Amino acid sequence: MHVSGFVKRDNIMSEEKFYFQSETAGLLKMMINSVYSNRDIFLRELISNASDALDKRRIECLKDSELAENEKPEIIIDSDKEKKILSVSDNGIGMSKDDLIQFLGTLAKSGTREFLQSVESEKAKQELIGQFGVGFYSVFMAAEKVEVISRKLGSNETYKFASNGDGSYTISEESQRKECGTTVILYLKESDPESKNYADEWTIRGIIEKYSDFIAWPILYKDKIINSQKAIWQRPESEITEDEYKEFYKHLTHDWQEPLTHIKINAEGSTNFKGLLFVPSVAPYDLFMNPKSGGISLYINRVFIMNDCKDLIPAYLRFIRGVIDSEDLPLNISREILQEEPIIRVIRRSTQRKIFNEFKKLLDSDREKFIKLWTIFGKIISEKYF
(Lines give C-alpha, C1' and ligand atoms only; values in the text may rest on other atoms or scores of the structure.)
Protein backbone atom coordinates (compact mmCIF):
# COMPACT_ATOMS: atom_id res chain seq x y z
CA MET A 1 0.00 0.00 0.00
CA HIS A 2 1.24 3.49 -0.80
CA VAL A 3 0.10 6.74 0.77
CA SER A 4 -0.17 9.52 -1.77
CA GLY A 5 2.12 12.49 -1.25
CA PHE A 6 3.83 11.11 1.86
CA VAL A 7 7.43 9.95 2.14
CA LYS A 8 8.20 7.80 5.19
CA ARG A 9 11.15 8.72 7.41
CA ASP A 10 12.76 6.54 10.06
CA ASN A 11 13.91 9.37 12.33
CA ILE A 12 10.75 11.06 13.48
CA MET A 13 10.99 13.93 15.93
CA SER A 14 9.63 13.35 19.44
CA GLU A 15 5.87 13.32 19.80
CA GLU A 16 3.86 15.82 21.79
CA LYS A 17 0.86 14.45 23.63
CA PHE A 18 -2.37 16.42 23.96
CA TYR A 19 -5.84 15.87 25.38
CA PHE A 20 -9.06 16.71 23.58
CA GLN A 21 -10.49 20.04 24.69
CA SER A 22 -14.04 19.00 25.39
CA GLU A 23 -15.13 16.64 28.18
CA THR A 24 -12.53 14.28 26.60
CA ALA A 25 -13.11 10.55 26.25
CA GLY A 26 -16.70 10.40 27.49
CA LEU A 27 -18.04 12.93 24.98
CA LEU A 28 -16.01 11.46 22.14
CA LYS A 29 -17.28 7.96 22.87
CA MET A 30 -20.88 9.18 23.08
CA MET A 31 -20.56 11.07 19.81
CA ILE A 32 -19.05 8.09 17.96
CA ASN A 33 -21.66 5.65 19.21
CA SER A 34 -24.81 7.73 18.99
CA VAL A 35 -24.49 10.49 16.37
CA TYR A 36 -24.32 8.24 13.33
CA SER A 37 -26.71 5.38 12.62
CA ASN A 38 -24.85 4.05 9.58
CA ARG A 39 -21.13 3.26 9.80
CA ASP A 40 -20.59 3.60 6.05
CA ILE A 41 -20.91 7.36 6.23
CA PHE A 42 -17.45 7.79 7.79
CA LEU A 43 -16.03 7.49 4.26
CA ARG A 44 -18.52 10.07 3.02
CA GLU A 45 -17.34 12.43 5.75
CA LEU A 46 -13.66 11.96 4.88
CA ILE A 47 -14.34 12.56 1.19
CA SER A 48 -16.44 15.62 1.99
CA ASN A 49 -13.56 16.99 4.08
CA ALA A 50 -11.13 16.29 1.23
CA SER A 51 -13.46 18.02 -1.24
CA ASP A 52 -13.68 21.04 1.06
CA ALA A 53 -9.87 21.14 1.28
CA LEU A 54 -9.59 21.17 -2.52
CA ASP A 55 -12.18 23.96 -2.74
CA LYS A 56 -10.29 25.98 -0.13
CA ARG A 57 -7.02 25.55 -1.99
CA ARG A 58 -8.61 26.70 -5.24
CA ILE A 59 -10.03 29.78 -3.53
CA GLU A 60 -6.70 30.62 -1.86
CA CYS A 61 -4.83 30.24 -5.17
CA LEU A 62 -7.27 32.63 -6.84
CA LYS A 63 -6.51 35.18 -4.11
CA ASP A 64 -2.72 34.67 -4.34
CA SER A 65 -1.31 33.40 -7.64
CA GLU A 66 2.06 32.68 -6.01
CA LEU A 67 0.42 29.82 -4.11
CA ALA A 68 -0.73 28.13 -7.30
CA GLU A 69 1.00 24.82 -8.04
CA ASN A 70 0.78 22.45 -10.99
CA GLU A 71 -0.67 19.37 -9.30
CA LYS A 72 -4.01 18.15 -10.59
CA PRO A 73 -6.57 18.40 -7.77
CA GLU A 74 -7.76 14.94 -6.77
CA ILE A 75 -8.82 12.64 -3.94
CA ILE A 76 -7.02 9.30 -3.70
CA ILE A 77 -8.32 6.28 -1.81
CA ASP A 78 -5.94 3.42 -1.02
CA SER A 79 -6.40 0.21 0.95
CA ASP A 80 -4.69 -2.95 2.15
CA LYS A 81 -7.23 -5.60 3.10
CA GLU A 82 -4.72 -7.95 4.70
CA LYS A 83 -3.27 -5.23 6.93
CA LYS A 84 -6.74 -3.71 7.44
CA ILE A 85 -5.63 -0.22 6.44
CA LEU A 86 -7.62 2.39 4.53
CA SER A 87 -6.41 5.85 3.54
CA VAL A 88 -7.97 8.95 1.98
CA SER A 89 -5.60 11.56 0.53
CA ASP A 90 -6.08 14.94 -1.08
CA ASN A 91 -3.81 17.69 -2.38
CA GLY A 92 -5.97 20.45 -0.97
CA ILE A 93 -5.16 23.31 1.36
CA GLY A 94 -3.68 21.09 4.09
CA MET A 95 -3.22 21.85 7.78
CA SER A 96 -0.44 23.27 9.93
CA LYS A 97 0.42 22.00 13.41
CA ASP A 98 -1.81 24.67 14.93
CA ASP A 99 -4.63 23.70 12.57
CA LEU A 100 -4.39 20.06 13.62
CA ILE A 101 -4.62 21.02 17.27
CA GLN A 102 -7.37 23.55 16.69
CA PHE A 103 -9.57 21.64 14.25
CA LEU A 104 -8.94 17.97 15.10
CA GLY A 105 -8.00 18.35 18.74
CA THR A 106 -11.14 20.29 19.63
CA LEU A 107 -14.50 18.59 19.20
CA ALA A 108 -17.16 20.49 17.29
CA LYS A 109 -14.81 23.22 16.10
CA SER A 110 -15.13 23.24 12.34
CA GLY A 111 -12.25 24.38 10.16
CA THR A 112 -14.71 24.94 7.35
CA ARG A 113 -16.87 27.17 9.55
CA GLU A 114 -13.87 29.32 10.47
CA PHE A 115 -12.71 29.44 6.85
CA LEU A 116 -16.18 30.59 5.80
CA GLN A 117 -15.81 33.66 8.00
CA SER A 118 -12.73 34.72 6.02
CA VAL A 119 -14.31 34.20 2.58
CA GLU A 120 -16.42 37.00 1.19
CA SER A 121 -17.79 35.20 -1.88
CA GLU A 122 -21.23 33.69 -1.25
CA LYS A 123 -20.64 31.21 -4.08
CA ALA A 124 -17.44 30.03 -2.41
CA LYS A 125 -19.29 29.59 0.86
CA GLN A 126 -21.96 27.47 -0.79
CA GLU A 127 -19.39 25.10 -2.25
CA LEU A 128 -18.00 24.06 1.13
CA ILE A 129 -19.67 21.14 2.85
CA GLY A 130 -18.51 20.76 6.45
CA GLN A 131 -20.30 22.72 9.15
CA PHE A 132 -20.07 20.97 12.49
CA GLY A 133 -16.45 19.86 12.89
CA VAL A 134 -17.32 16.37 14.14
CA GLY A 135 -17.59 14.37 10.92
CA PHE A 136 -13.93 13.41 11.12
CA TYR A 137 -14.53 11.53 14.37
CA SER A 138 -16.94 9.14 12.66
CA VAL A 139 -13.79 7.25 11.58
CA PHE A 140 -13.64 5.68 15.03
CA MET A 141 -16.77 3.70 14.26
CA ALA A 142 -14.58 1.55 11.99
CA ALA A 143 -10.99 2.34 13.05
CA GLU A 144 -9.11 1.63 16.25
CA LYS A 145 -6.47 4.22 15.35
CA VAL A 146 -6.25 7.10 12.92
CA GLU A 147 -3.31 9.14 11.63
CA VAL A 148 -3.60 12.45 9.79
CA ILE A 149 -0.51 13.58 7.87
CA SER A 150 -0.74 17.10 6.51
CA ARG A 151 1.24 19.93 4.95
CA LYS A 152 -0.39 23.34 4.63
CA LEU A 153 -0.42 25.30 1.38
CA GLY A 154 2.58 27.65 1.29
CA SER A 155 4.47 25.75 4.00
CA ASN A 156 7.35 23.27 3.89
CA GLU A 157 6.48 21.65 7.21
CA THR A 158 4.57 18.38 7.53
CA TYR A 159 2.92 17.15 10.74
CA LYS A 160 1.17 13.98 11.90
CA PHE A 161 -1.85 13.83 14.18
CA ALA A 162 -2.46 10.38 15.73
CA SER A 163 -5.20 9.14 18.04
CA ASN A 164 -6.99 5.96 19.03
CA GLY A 165 -10.08 7.87 20.16
CA ASP A 166 -9.38 7.47 23.88
CA GLY A 167 -9.44 11.20 24.66
CA SER A 168 -5.82 11.98 23.79
CA TYR A 169 -3.76 12.47 20.64
CA THR A 170 -0.18 13.11 19.62
CA ILE A 171 1.39 15.57 17.20
CA SER A 172 4.79 14.94 15.64
CA GLU A 173 6.80 16.44 12.81
CA GLU A 174 6.99 14.20 9.77
CA SER A 175 9.19 14.02 6.70
CA GLN A 176 8.23 16.31 3.87
CA ARG A 177 5.19 15.55 1.74
CA LYS A 178 5.73 16.05 -1.96
CA GLU A 179 2.92 18.58 -2.03
CA CYS A 180 0.45 20.30 0.24
CA GLY A 181 -2.61 18.38 1.33
CA THR A 182 -3.76 15.78 3.81
CA THR A 183 -3.69 12.00 4.15
CA VAL A 184 -5.98 10.26 6.65
CA ILE A 185 -4.89 6.71 7.48
CA LEU A 186 -7.34 4.37 9.24
CA TYR A 187 -6.18 1.26 11.05
CA LEU A 188 -9.41 -0.74 10.97
CA LYS A 189 -10.64 -2.46 14.11
CA GLU A 190 -9.07 -5.86 14.74
CA SER A 191 -11.86 -6.66 17.17
CA ASP A 192 -14.55 -6.19 14.53
CA PRO A 193 -14.35 -8.65 11.58
CA GLU A 194 -16.75 -6.52 9.52
CA SER A 195 -14.41 -3.51 9.64
CA LYS A 196 -12.05 -5.37 7.32
CA ASN A 197 -14.65 -4.95 4.58
CA TYR A 198 -13.91 -1.23 4.45
CA ALA A 199 -10.56 -2.08 2.85
CA ASP A 200 -12.33 -4.16 0.19
CA GLU A 201 -12.45 -2.67 -3.31
CA TRP A 202 -16.14 -3.36 -3.93
CA THR A 203 -17.19 -2.04 -0.54
CA ILE A 204 -15.27 1.18 -1.24
CA ARG A 205 -16.73 1.50 -4.73
CA GLY A 206 -20.25 0.90 -3.42
CA ILE A 207 -19.98 3.58 -0.74
CA ILE A 208 -18.53 6.10 -3.21
CA GLU A 209 -21.25 5.42 -5.74
CA LYS A 210 -23.94 5.90 -3.12
CA TYR A 211 -22.66 8.93 -1.23
CA SER A 212 -19.97 10.73 -3.22
CA ASP A 213 -20.55 9.93 -6.88
CA PHE A 214 -21.28 13.54 -7.82
CA ILE A 215 -18.44 15.22 -5.92
CA ALA A 216 -16.89 17.70 -8.35
CA TRP A 217 -13.31 16.50 -7.85
CA PRO A 218 -12.04 13.15 -9.20
CA ILE A 219 -11.88 10.31 -6.66
CA LEU A 220 -9.23 7.74 -7.58
CA TYR A 221 -8.84 4.15 -6.45
CA LYS A 222 -6.12 1.97 -7.98
CA ASP A 223 -5.30 4.83 -10.34
CA LYS A 224 -8.81 4.88 -11.80
CA ILE A 225 -11.49 7.53 -11.29
CA ILE A 226 -14.42 5.86 -9.53
CA ASN A 227 -16.91 8.72 -9.25
CA SER A 228 -18.93 10.00 -12.20
CA GLN A 229 -18.67 13.74 -11.25
CA LYS A 230 -21.77 14.16 -13.44
CA ALA A 231 -24.02 16.35 -11.34
CA ILE A 232 -25.71 17.59 -14.47
CA TRP A 233 -28.43 19.33 -12.47
CA GLN A 234 -25.76 21.92 -11.63
CA ARG A 235 -25.13 22.75 -15.30
CA PRO A 236 -27.15 25.21 -17.43
CA GLU A 237 -29.94 23.44 -19.28
CA SER A 238 -28.67 24.76 -22.61
CA GLU A 239 -25.43 22.80 -22.15
CA ILE A 240 -27.06 19.41 -21.53
CA THR A 241 -27.93 17.08 -24.39
CA GLU A 242 -30.87 14.68 -24.48
CA ASP A 243 -28.44 11.77 -24.45
CA GLU A 244 -26.89 13.11 -21.24
CA TYR A 245 -30.32 13.32 -19.61
CA LYS A 246 -31.08 9.73 -20.61
CA GLU A 247 -27.69 8.48 -19.45
CA PHE A 248 -28.05 10.23 -16.10
CA TYR A 249 -31.55 8.82 -15.58
CA LYS A 250 -30.34 5.28 -16.17
CA HIS A 251 -27.33 5.84 -13.90
CA LEU A 252 -29.55 7.21 -11.15
CA THR A 253 -32.47 4.78 -11.31
CA HIS A 254 -30.95 1.66 -12.90
CA ASP A 255 -34.00 1.66 -15.17
CA TRP A 256 -32.93 0.33 -18.57
CA GLN A 257 -35.78 2.19 -20.32
CA GLU A 258 -35.60 5.84 -21.25
CA PRO A 259 -37.63 8.37 -19.22
CA LEU A 260 -40.82 9.80 -20.63
CA THR A 261 -39.70 13.37 -19.87
CA HIS A 262 -37.45 15.35 -17.54
CA ILE A 263 -37.96 18.47 -15.40
CA LYS A 264 -35.06 20.80 -14.57
CA ILE A 265 -35.35 22.95 -11.44
CA ASN A 266 -33.28 26.02 -10.57
CA ALA A 267 -34.81 27.90 -7.64
CA GLU A 268 -33.13 31.08 -6.44
CA GLY A 269 -34.35 33.40 -3.72
CA SER A 270 -34.78 33.03 0.01
CA THR A 271 -34.24 29.27 -0.49
CA ASN A 272 -31.79 28.10 -3.14
CA PHE A 273 -31.90 24.62 -4.62
CA LYS A 274 -31.49 22.81 -7.90
CA GLY A 275 -32.98 19.59 -9.11
CA LEU A 276 -33.47 17.22 -11.97
CA LEU A 277 -36.63 15.11 -12.00
CA PHE A 278 -37.84 12.42 -14.39
CA VAL A 279 -41.15 10.83 -15.29
CA PRO A 280 -40.53 7.13 -16.01
CA SER A 281 -41.98 5.65 -19.19
CA VAL A 282 -43.20 2.62 -17.21
CA ALA A 283 -44.84 2.63 -13.78
CA PRO A 284 -42.54 1.44 -10.96
CA TYR A 285 -43.48 -2.09 -9.88
CA ASP A 286 -44.36 -1.06 -6.30
CA LEU A 287 -46.34 2.04 -7.18
CA PHE A 288 -49.60 0.69 -5.71
CA MET A 289 -48.14 -1.80 -3.23
CA ASN A 290 -46.21 0.87 -1.34
CA PRO A 291 -48.11 4.16 -1.58
CA LYS A 292 -45.63 5.94 0.69
CA SER A 293 -42.60 5.10 -1.44
CA GLY A 294 -40.81 7.97 -3.14
CA GLY A 295 -38.12 8.44 -5.69
CA ILE A 296 -36.44 11.75 -4.84
CA SER A 297 -32.88 11.65 -3.50
CA LEU A 298 -31.70 14.56 -1.38
CA TYR A 299 -28.22 16.02 -1.82
CA ILE A 300 -26.51 18.98 -0.20
CA ASN A 301 -23.82 20.51 -2.41
CA ARG A 302 -23.51 17.24 -4.39
CA VAL A 303 -23.17 15.09 -1.26
CA PHE A 304 -25.79 12.38 -0.87
CA ILE A 305 -27.92 12.66 2.26
CA MET A 306 -30.82 10.25 1.79
CA ASN A 307 -32.84 8.23 -0.69
CA ASP A 308 -36.60 8.49 -1.09
CA CYS A 309 -36.97 11.74 0.81
CA LYS A 310 -40.74 11.60 1.20
CA ASP A 311 -40.98 15.12 2.60
CA LEU A 312 -39.85 16.57 -0.74
CA ILE A 313 -42.83 15.43 -2.77
CA PRO A 314 -46.50 14.56 -2.11
CA ALA A 315 -47.61 10.92 -2.25
CA TYR A 316 -49.62 11.45 -5.46
CA LEU A 317 -46.37 12.34 -7.28
CA ARG A 318 -44.43 9.39 -5.87
CA PHE A 319 -43.73 8.03 -9.35
CA ILE A 320 -41.35 10.95 -10.00
CA ARG A 321 -37.65 10.02 -9.86
CA GLY A 322 -34.67 12.34 -9.54
CA VAL A 323 -32.58 14.51 -7.25
CA ILE A 324 -32.98 17.72 -5.26
CA ASP A 325 -29.75 19.48 -4.26
CA SER A 326 -30.04 22.22 -1.65
CA GLU A 327 -27.39 24.82 -0.89
CA ASP A 328 -28.68 25.93 2.48
CA LEU A 329 -30.79 23.15 3.92
CA PRO A 330 -29.82 22.72 7.60
CA LEU A 331 -29.18 19.25 9.00
CA ASN A 332 -28.47 18.02 12.45
CA ILE A 333 -24.96 17.19 13.58
CA SER A 334 -24.86 13.84 11.76
CA ARG A 335 -26.35 15.18 8.49
CA GLU A 336 -28.90 12.38 8.72
CA ILE A 337 -32.00 14.16 10.03
CA LEU A 338 -33.54 17.35 8.70
CA GLN A 339 -33.74 19.99 11.41
CA GLU A 340 -35.93 22.76 10.06
CA GLU A 341 -39.14 21.79 8.31
CA PRO A 342 -40.02 25.25 6.89
CA ILE A 343 -37.29 25.03 4.23
CA ILE A 344 -38.41 21.53 3.29
CA ARG A 345 -41.95 22.84 2.88
CA VAL A 346 -40.69 25.63 0.61
CA ILE A 347 -38.79 23.11 -1.52
CA ARG A 348 -41.82 20.82 -1.62
CA ARG A 349 -44.20 23.58 -2.75
CA SER A 350 -41.76 24.91 -5.36
CA THR A 351 -41.06 21.43 -6.71
CA GLN A 352 -44.75 20.54 -6.89
CA ARG A 353 -45.54 23.81 -8.70
CA LYS A 354 -42.71 23.24 -11.17
CA ILE A 355 -43.88 19.69 -11.93
CA PHE A 356 -47.45 20.78 -12.71
CA ASN A 357 -46.22 23.70 -14.82
CA GLU A 358 -44.16 21.24 -16.86
CA PHE A 359 -47.15 18.91 -17.19
CA LYS A 360 -49.20 21.82 -18.56
CA LYS A 361 -46.42 22.68 -21.04
CA LEU A 362 -46.36 19.05 -22.13
CA LEU A 363 -50.14 19.12 -22.66
CA ASP A 364 -49.76 22.18 -24.90
CA SER A 365 -46.64 21.11 -26.81
CA ASP A 366 -46.74 17.30 -27.00
CA ARG A 367 -50.27 16.03 -26.43
CA GLU A 368 -49.35 12.46 -27.36
CA LYS A 369 -46.69 12.30 -24.66
CA PHE A 370 -49.04 13.90 -22.14
CA ILE A 371 -51.73 11.30 -22.89
CA LYS A 372 -49.18 8.55 -22.30
CA LEU A 373 -48.19 10.18 -18.98
CA TRP A 374 -51.83 10.40 -17.88
CA THR A 375 -52.59 6.85 -19.01
CA ILE A 376 -49.75 5.49 -16.85
CA PHE A 377 -49.94 7.82 -13.84
CA GLY A 378 -53.30 9.59 -14.01
CA LYS A 379 -54.85 7.33 -11.37
CA ILE A 380 -52.03 8.21 -8.96
CA ILE A 381 -52.21 11.95 -9.66
CA SER A 382 -55.98 11.82 -9.06
CA GLU A 383 -55.29 10.85 -5.44
CA LYS A 384 -54.68 14.57 -4.91
CA TYR A 385 -58.42 15.16 -5.04
CA PHE A 386 -59.57 12.26 -2.86
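Reply: A search of the whole structure finds zero disulfides, a disulfide being a pair of cysteine sulfur atoms within 2.5 Å. This is a predicted model, in which local features need pLDDT of at least 70, side-chain atom pairs count only at pLDDT 80 or more, and totals for chains, interfaces and linings use all residues. Residues are numbered from 1 along each chain as its sequence is written, and side-chain values use heavy atoms, with hydrogens and water left out.

Me: Is Cys 61 buried or exposed?

Reply: Cys 61 counts as buried, at 17% relative accessibility. Buried means under 20% relative accessible area, exposed over 50% and partly exposed in between, with a 1.4 Å probe and protein chains only. Cys 309 is also buried, at 3%.

Me: Turning to the rings, how many aromatic pairs are there?

Reply: The count is 17 aromatic pairs. Rings of Phe, Tyr and Trp (its six-membered ring) pair if their centres lie within 6.5 Å; planes under 30 degrees apart count as stacked, over 60 as edge-to-face and the rest as tilted. The planes of Phe 214 and Phe 248 are at 45 degrees, so this pair is tilted, with centres 5.6 Å apart.

Me: Are those two buried or exposed?

Reply: Both Phe 214 and Phe 248 are buried.

Me: What kind of pair do Phe 319 and Phe 377 form?

Reply: Their pair is stacked, with 4.1 Å centre to centre and 10 degrees between the planes. Phe 319 and Phe 377 are both buried.
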